[in-house]
Amino acid sequence: MSDDDSLPPPSKLTLTKERWAQDGRRPAKQSDDARLPPGQHRTSDWPVLDLGEHPDIAPGAWQLQLFGAIARPAIWRWTDLMAQPQTDAVSDIHCVTSWSRYDNQWQGVSTIDLLEAVFPLPATRFVLLHSSDGYTTNLTLDDFATEGAMLVHAWSGQPLAREHGGPVRLVVPHLYFWKSAKWINRIEFRTQDTPGFWEVRGYHNRGDPWREQRYSSDK
Ligand SMILES: Nc1nc2c(c(=O)[nH]1)N[C@H]1C(S)=C(S)[C@@H](COP(=O)(O)O)O[C@H]1N2
Ligand SMILES: [Mo]
C-alpha cells in the first residue's frame, strides 16, 4: 500500500530534483555556503601574506599622514587615533589566493569617522594607501567609505599583531584582502586614480570577491 494516489502529479522541478538525487548530484563545494564568495574556501587559521618585510613600529612611534585633496590635512599619532570615535565590528576576510576567514573581530576607527575629520574636497574620488614596507593599494573614495571599512588596531580584543600589520592596518572587508593595507602610514586623497603595487602587477583594479574580480582580465 502506498499513498501515492493522493499526491499531485510531480512538477518539472520535482522530476529534476529526483533525477539529481538518482545521479548523486551535489552542489559545487563553493556554493554550499552563502557567505563564501565563488572560488573561495574557508580556513580557520589566519595566513600571513605580504612582501616579506614586517616593519617593527612601536605604537608610540606610529604616525599616519593624511594628505592630498582634503581640506584638513593632518598627521595622526597613536594618541590621536585613540581619541577618535572607536568602532567594534565583525567581518569576513576574503583573500584572492582563495582562503576566507569568517568572523574577525576588529576594533579601530571607521573610515567614515576618519573622513569626517579630514573633509575631502568635492573633486576627491580616489584614495591611495601607503605602507611602511613600501606597499601601496588604491581604492575609490566610495569603497574606502563603505560601512565596515576601518583603521584597525586590535583583533579579538588584543593589539593587532605585527605580522598582520600592527600597530595599525586598514581593513576593507567587502573587497579582496590585498586592498587592506598593513602597517599603514600615509593616506593620500586624489582626484584621479593611480594603481597600487598589485594593481600594476595584474590584479584587478577593484577586487570585488562576489564578482570574482581577481585579475585585470576579469570584468
Ligand atoms: N603593507 C602591506 N599590506 C599588505 C600587503 C603587503 O605586502 N604589505 N599584502 C596584502 C595582501 S596581498 C594580503 S592577502 C593581505 C594579507 O594580510 P594578512 O597577512 O594579515 O593575512 O595584506 C595585504 N596588505
Ligand atoms: Mo593577497
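S156 sits in the loop between strand 8 (150-155) and strand 9. This is a predicted model. The phi of S156 is near 50°, a positive value in a residue other than glycine. Is S156 buried, exposed or partly exposed? Its relative accessibility is 37%, so S156 counts as partly exposed.

W183 also has a positive phi, near 45°, and is not a glycine. W183 belongs to the loop between strand 10 and strand 11. Its relative accessible area is 1%; because the cut-off for buried is under 20%, W183 is buried.

A further backbone feature involves P167. The peptide bond between G166 and P167 is cis, with omega at about 15°. P167 lies in the loop between strand 9 (158-159) and strand 10 (169-171).

Now to strand 6, residues 126-131. Six of its six residues are buried, and the strand is mostly covered. In a regular strand, side chains alternate between the two faces of the sheet. Which residues of strand 6 point which way? F126, L128 and H130 point one way, while V127, L129 and S131 point the other way. All of these are buried.

With strand 7 (residues 136-140) it pairs in the antiparallel sense, over five bridges. Strand 6 and strand 7 form a hairpin, with four residues between them. In that turn, G134 has a positive phi of about 90°. Strand 11 (residues 184-190) also runs antiparallel to strand 6, and six bridges join the two. Here V127 has F189 of strand 11 as its bridge partner.

What surrounds ligand 1? There are 20 residues around it, and the closest are P47, D133, H164, R169 and K182. The space that ligand 1 takes is the largest pocket.

| Residue | Atom in the residue | Distance to an oxygen atom of ligand 1 |
|---|---|---|
| L51 | backbone N or O atom | 2.9 Å |
| H164 | polar side-chain atom | 2.7 Å |
| K182 | N or O atom in the side chain | 2.5 Å |

How much of the accessible area of ligand 1 does the protein cover? On its own, ligand 1 has 520 Å² of accessible area, and the protein covers 98% of that.

Technical notes:
Residues numbered from 1 in each chain as written. Chains lettered and ligands numbered in written order. Predicted model: local features only at pLDDT ≥ 70, side-chain atom pairs only at ≥ 80, totals over all residues. Heavy atoms only, no water. Buried < 20%, exposed > 50% of the residue type's maximum accessible area, 1.4 Å probe, protein only. Pairing = 2+ DSSP bridges. Near = heavy atom within 4 Å. Polar contact = N/O pair within 3.5 Å; in protein donor to acceptor, adjacent residues only side chain to side chain. Areas by Shrake-Rupley, 256 points an atom, 1.4 Å probe, with all protein chains shown as cover. 1 Å grid on protein atoms, 1.4 Å probe; cavity = no way out; pocket = protein on both sides within 12 Å on 5 of 7 lines; lining within 4 Å. Sits in = over half its atoms within 2 Å of the grid points.
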